[in-house]
Amino acid sequence: MDRPDQELAELLHTLGARLAAAPPGALAHLREPLRALRDRLDAVVEAPASRHPGEGEAHFRALLSDAIGCVSEGFVLFGADGRLVLCNDRYRAAYPLLSDHLVPGVRFADLLRVAVERGAGGDDLGDPSDWIAERLNRHTRSGPPTDHQLGDGRWYRISEHATRFGGVVKILTDITALKRHEEALADSEARYRRLVEMAPYGILIWDGTRLRFTNRSAALILGSGDPDAMLRIPLVEATEFDGVQRLFDWLPPPHSGLEAPPPVEARFVTAQGVLRELEVGIHPFAVEGEAAWFLVLNDITGRKQAERAIQQAQKMQAIGQLAGGIAHEFNNMLTAIGGFAQMARRAPQDRPRVEQCLTEIVKATDRAAGLTAQLLSFGRPGQTDAARPVRVGAVIDDLRRFLGPTLGERHPLRIGGAGGGALVTIDPALLHQSLLNLVLNARDAMPEGGPITIAVERPDDVGVTITVADTGCGIDPAVIDRIFEPFFTTKEPGAGTGLGLALVYSTVARAGGGVEVDSEPGRGTVFTLRLPAEDAAESPEEDAPGLDGFGLDGAGFLDAADDEIEGLSMAATVLLVEDEAQVRDFIRLTLEDMGMRVVCAADGTEALRAYADHGGAFDLLVTDLVMPQIGGASVARTLRRENPDLPTVLMSGYPPETESLDDLLADPKSGGGRTVFLRKPINPDELADTIHALLI
């Protein structure tokens with residue numbers, strides 16, 4: 001073959017190698033045209049010598065030019081002498097500055113000079129020799145494909161291949177769409193990275209061994225940008241565990257399929273010693289195909305501080321409401337006590353008048369005791385120590401007699417139902433107070449008057465329902481969900497404490513029941529108390545006459561005696577410990593009336609000294625629990641070590657569960673002493689009964 005045919009043959013071999021190295025499917029459209037060209041070349045080479053010179057070469061060039069022009073890639077062939085042999089239109093379109101010079105025979109060096117003249121080197125190009133030399137060198141050196149943005153503004157991947165005869169083949173693949181996708185992906189990644197960095201939440205990625213990513217907020221929240229230091233920051237406390245440990249020690253190692261733990265609220269100290277509070281969200285993640293945890297740190301320090309401030313403000317507001325209501329109630333009681341005491345004092349010789357005054361004073365003190373018991377009952381789960389089987393009808397009958405004068409003719413109290421003989425285990429004083437609160441609320445809901453109905457039904461053998469109904473103004477739907485909240489009231493300041501319905505709810509709940517309310521504005525309200533019923537066969541009073549309905553003569557309490565225990569007198573020496581002088585004098589007189597010798601002490605220190613001075617010759621210890629210096633429980637424990645069999649009466653205005661008294665109140669059969677607890681205010685008859693039971 002002559003030189004042109006050799007170059008064309010070389011071109012076919014080069015393109016064949018290009019096709020063989022291309023990925024599957026790439027440049028597939030060139031395979032058939034090149035195969036046809038190869039067959040044609042073979043025919044030209046094998047043609048008889050008589051064929052006209054140049055005829056086969058021209059025909060072959062035409063076929064090759066037509067085939068190359070059909071492909072989407074840019075294509076150019078330069079011979080060993082640097083002259084252009086073949087070029088398709090796609091290649092010319094990529095170089096608009098040189099398209100008119102891209103013709104067979106033009107030298108590559110001349111093309112570079114034209115490009116410089118037409119501004120391809122830029123406005124700041126000085127001596128073009130280096131620019132031309134660098135591109136000539138690159139033109140003759142085969143290397144890996146490179147990406148360039150050419151004169152038409154599009155991106156191409158340029159592959160250059162040296163032929164065996166010194167020529168160069170260049171193929172331009174349009175990758176503009178790929179570049180745009182890569183740029184969009186890079187922009188998206190950069191945008192999301194900026195969002196992650198600017199996020200107010202700390203973001204960390206932990207693979208079980210090290211932190212693979214942390215953002216700026218995480219460094220600010222944790223007080224350190226060092227990943228190793230972050231791993232060592234301890235959590236002071238958290239919702240998911242006790243004590244001090246590191247979050248990353250507590251987290252389970254990440255692995256595929258692991259469910260995310262719930263968010264954790266934690267308190268920790270930064271490297272700078274600042275206490276912070278966090279909410280940590282934990283989510284499954286993957287890094288380079290490996291399982292990891294994606295942690296979101298929300299700094300809730302400010303929110304928690306605000307919540308505590310709001311809670312404190314609410315507490316202070318509640319305390320203010322409570323103090324106002326209590327002051328109002330106690331002022332009424334003190335008015336009654338003081339007024340009746342003054343009346344008795346003015347006419348001491350008028351025995352009926354004095355007895356009436358004393359009766360009213362006792363009633364007022366009972367009301368005060370009920371109010372303090374009501375306050376102490378909130379938040380105490382389970383039955384109270386005063387809970388016992390109570391006949392519902394008797395309690396309601398007592399309430400009817402008590403409320404008759406208070407309600408008057410404008411608010412007649414109607415009692416009904418067939419379940420008055422039912423028994424429930426409940427604190428009778430709290431049940432009485434709860435029903436009283438409901439009736440008084442019903443009265444206040446009907447300022448113009450109207451009937452108040454109390455009905456007791458026993459729909460089955462296991463339950464009792466008590467309903468209190470009125471036809472008053474009803475309850476606003478906007479507040480009905482809050483009516484059982486302590487301290488919530490719709491009454492004017494000073495007119496109510498907001499404790500009445502809260503007491504109703506807590507009393508019934510502790511008895512194992514529930515409270516329902518049905519109300520419609522302008523059409524009245526019905527409160528339904530559902531309580532579990534006791535087996536009447538267990539009561540010794542089951543067959544007592546007059547207790548199976550209303551209008552009862554009994555007291556209503558199965559273990560209450562109708563007659564006061566009188567004439568209790570016993571010779572005993574008592575150590576009385578009480579820091580309040582008036583209470584101490586009252587109890588001393590009560591004990592002395594029982595024929596006892598009383599040694600008084602104002603606090604625990606005096607009590608221990610008095611015990612030692614008398615050589616421990618005491619038959620009974622009666623002590624208050626809450627006192628300055630040494631409390632009553634400590635006194636009792638100390639004296640128990642001296643005399644394990646010393647009977648003891650513990651007294652307090654606080655519930656017994658506020659102190660640990662289990663060892664003192666243990667049953668004697670289990671090794672404990674003979675110790676009982678009495679709640680203040682002390683009833684002298686109850687005190688006498690208790691002491692009598694301890695000493696006999």
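User: Before we start, what counts as a salt bridge here?
Analyst: A salt bridge is a side-chain nitrogen of Lys or Arg within 4 Å of a carboxyl oxygen of Asp or Glu. Keep in mind that this is a predicted model.

User: Fine. Which residues are linked in a network of salt bridges?
Analyst: Asp-147, Arg-157, Lys-179 and Glu-182 are.

User: And how many salt bridges does the structure hold?
Analyst: The count is 28.

User: Why can such side chains pair at all?
Analyst: Opposite charges can pair when the charged atoms come close.

User: Let's take some pairs. What does Glu-160 bridge to?
Analyst: Glu-160 meets Lys-170, at 3.3 Å from N to O. The two sit in distant parts of the chain, 10 residues apart. Glu-160 belongs to strand β4 (residues 155-162), and Lys-170 to strand β5 (residues 168-174).

User: Is Lys-170 buried or exposed?
Analyst: Lys-170 is buried, because its relative accessible area is 7%, under the 20% limit. Glu-160 is buried as well, at 14%.

User: What about Asp-81? Which residue is its partner?
Analyst: Arg-83. The closest N and O atoms are 3.8 Å apart. Asp-81 has 45% relative accessibility, so it counts as partly exposed. Arg-83 is partly exposed too, at 31%.

User: Now a helix. Where is Asp-585, and how far along from Arg-588?
Analyst: Both are in helix α16 (residues 581-593). They are three residues apart, so about one helical turn separates them.

User: While we're on α16, at what angle does it cross α19?
Analyst: Roughly 55°. The axes of α16 and α19 (residues 684-695) come within 10 Å. That angle makes α16 oblique to α19.

User: Left-handed or right-handed?
Analyst: The crossing of α16 and α19 is right-handed.

User: Which residues meet there?
Analyst: From α16, Phe-586, Ile-587, Thr-590 and Leu-591. From α19, Pro-684, Leu-687 and Ile-691.

User: Switching to sheets. What is the strand order in the one with β14?
Analyst: The order is β14-β16-β17-β19-β18. That is an open sheet of five strands with mixed pairing. Its edge strands are β14 and β18 (514-519), each pairing on one side only. Neighbouring strands are turned by 15° against each other on average, ignoring direction.

User: Which helices pack on that sheet?
Analyst: Helix α14 (residues 428-444) touches β16, β17 and β19 (525-532). Its direction makes about 25° with that of β17. Helix α15 (residues 500-510) also packs there, touching β18 and β19. The direction of α15 makes about 25° with that of β19.

User: Give me the pairings. Do β14 and β16 run parallel or antiparallel?
Analyst: Parallel, with four bridges joining β14 (residues 413-416) to β16 (residues 452-460). Arg-414 stands opposite Thr-453 in β16.

User: And β16 with β17, parallel or antiparallel?
Analyst: Antiparallel. Six bridges join β16 to β17 (residues 463-470). A hairpin of two residues connects them. Thr-453 stands opposite Ala-469 in β17. Ile-454 stands opposite Val-468 in β17.

User: Next sheet. What is the pairing in the one with β21?
Analyst: Parallel. It is an open sheet of five strands, ordered β21-β20-β22-β23-β24. The edge strands are β21 (597-601) and β24 (675-679). Neighbouring strands are turned by 20° against each other on average, ignoring direction.

User: How many bridges join β23 to β24?
Analyst: Five bridges join β23 (residues 648-652) to β24. Among the bridge partners, Ser-652 has Arg-679 in β24.

Key. Residues are numbered from 1 along each chain as its sequence is written. This is a predicted model: local features need pLDDT of at least 70, side-chain atom pairs count only at pLDDT 80 or more; totals for chains, interfaces and linings use all residues. Side-chain values use heavy atoms; hydrogens and water are left out. Buried means under 20% relative accessible area, exposed over 50%, partly exposed in between (1.4 Å probe, protein chains only). Two strands pair if DSSP finds at least two bridges between them. Axes are lines fitted to C-alpha atoms, for helices over the stretch in contact, and angles run from 0 to 180 degrees between N-to-C directions. Angles under 35 degrees count as roughly parallel, over 145 as roughly antiparallel, 65 to 115 as roughly perpendicular and the rest as oblique. A crossing is left-handed if the near helix is turned anticlockwise from the far one by less than a right angle, and right-handed if clockwise. Contact means heavy atoms within 4.5 Å.
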